[in-house]
Amino acid sequence: MKKQDLPQDESNLKSANMTEVLYVTDENDNYTTANSTGWDAKKAALDESMELIYERIEEAKNHVAQNKVSPIVYFMELNKMDLGVLASYVGMWQWRVKRHFKPTIFKTLSETQLKKYADAFGVSVNELKNFDGK
């Protein structure tokens, strides 16, 4: 894309006084960088992605409230983590973390294990233990 053709559409970046650095070509067809506040196609794609993330968070919250899953699932979604990322943060095998998704197993976790999860999520152990999805 030519530098003069770089879109400067309204986006979340502009509202936050931020820009995105992109590679463009100058008048001599040499690659250079330029700042953009975004463009409509990218904004639409990002908005749709964020909508899906918010739906997953809400679904996890409802499942916690219905006692289908432990609060770990909600906080994992809230922090935009997946099973592999969370497992690496807490230093456990994925199958162990997945097992902790069960409310009955979650209730038996030690303070040490809960602290690992709480630290990964940036919350207190109390917040993690007492989150009921409501």
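This is a predicted model: local features need pLDDT of at least 70, side-chain atom pairs count only at pLDDT 80 or more; totals for chains, interfaces and linings use all residues.
Side chains of opposite charge can pair when their charged atoms come close. In this model, a search of the whole structure turns up three salt bridges. One of them joins arginine 56 to glutamate 77, with 2.8 Å between the closest N and O atoms. Arginine 56 belongs to helix α2 and glutamate 77 to helix α3 (residues 71–78), so this pair ties together parts that are 21 residues apart in sequence. The two partners can also be described by their accessibility: arginine 56 counts as partly exposed at 47% relative accessibility, whereas glutamate 77 is buried, its relative accessible area being 12%.

Since lysine 129 sits in helix α8 and glutamate 111 in helix α7, the pair ties together parts that are 18 residues apart in sequence. Lysine 129 is partly exposed, at 38% relative accessibility, and glutamate 111 is partly exposed as well, with a relative accessible area of 46%.

Lysine 115 and aspartate 119 form another salt bridge, their closest N and O atoms being 2.8 Å apart. Both residues lie in helix α7, where a spacing of four residues corresponds to about one turn of the helix. Lysine 115 has a relative accessible area of 44% and is partly exposed.

Helix α7, which spans residues 111–121, also holds alanine 120. With 15% relative accessibility, alanine 120 counts as buried. Beyond its neighbours within four places in sequence, alanine 120 is in contact with Met81, Leu86, Tyr89 and Val90. For leucine 86, the C-alpha to C-alpha distance to alanine 120 is 7.5 Å, across a separation of 34 residues in sequence.

Glutamate 48 is placed in helix α2 (residues 40–65) and counts as exposed, at 54% relative accessibility.

Finally, asparagine 130 is found in helix α8, which covers residues 125–130. Asparagine 130 counts as exposed, with 56% relative accessibility. Asparagine 130 and proline 71 lie 59 residues apart in sequence, while their C-alpha atoms are 8.4 Å apart in space.

Key:
Residues are numbered from 1 along each chain as its sequence is written. Side-chain values use heavy atoms; hydrogens and water are left out. Helices (H or I, at least four residues) and strands (E, at least two) are DSSP runs, numbered from the N terminus. Buried means under 20% relative accessible area, exposed over 50%, partly exposed in between (1.4 Å probe, protein chains only). Contact means heavy atoms within 4.5 Å. A salt bridge is a side-chain nitrogen of Lys or Arg within 4 Å of a carboxyl oxygen of Asp or Glu.
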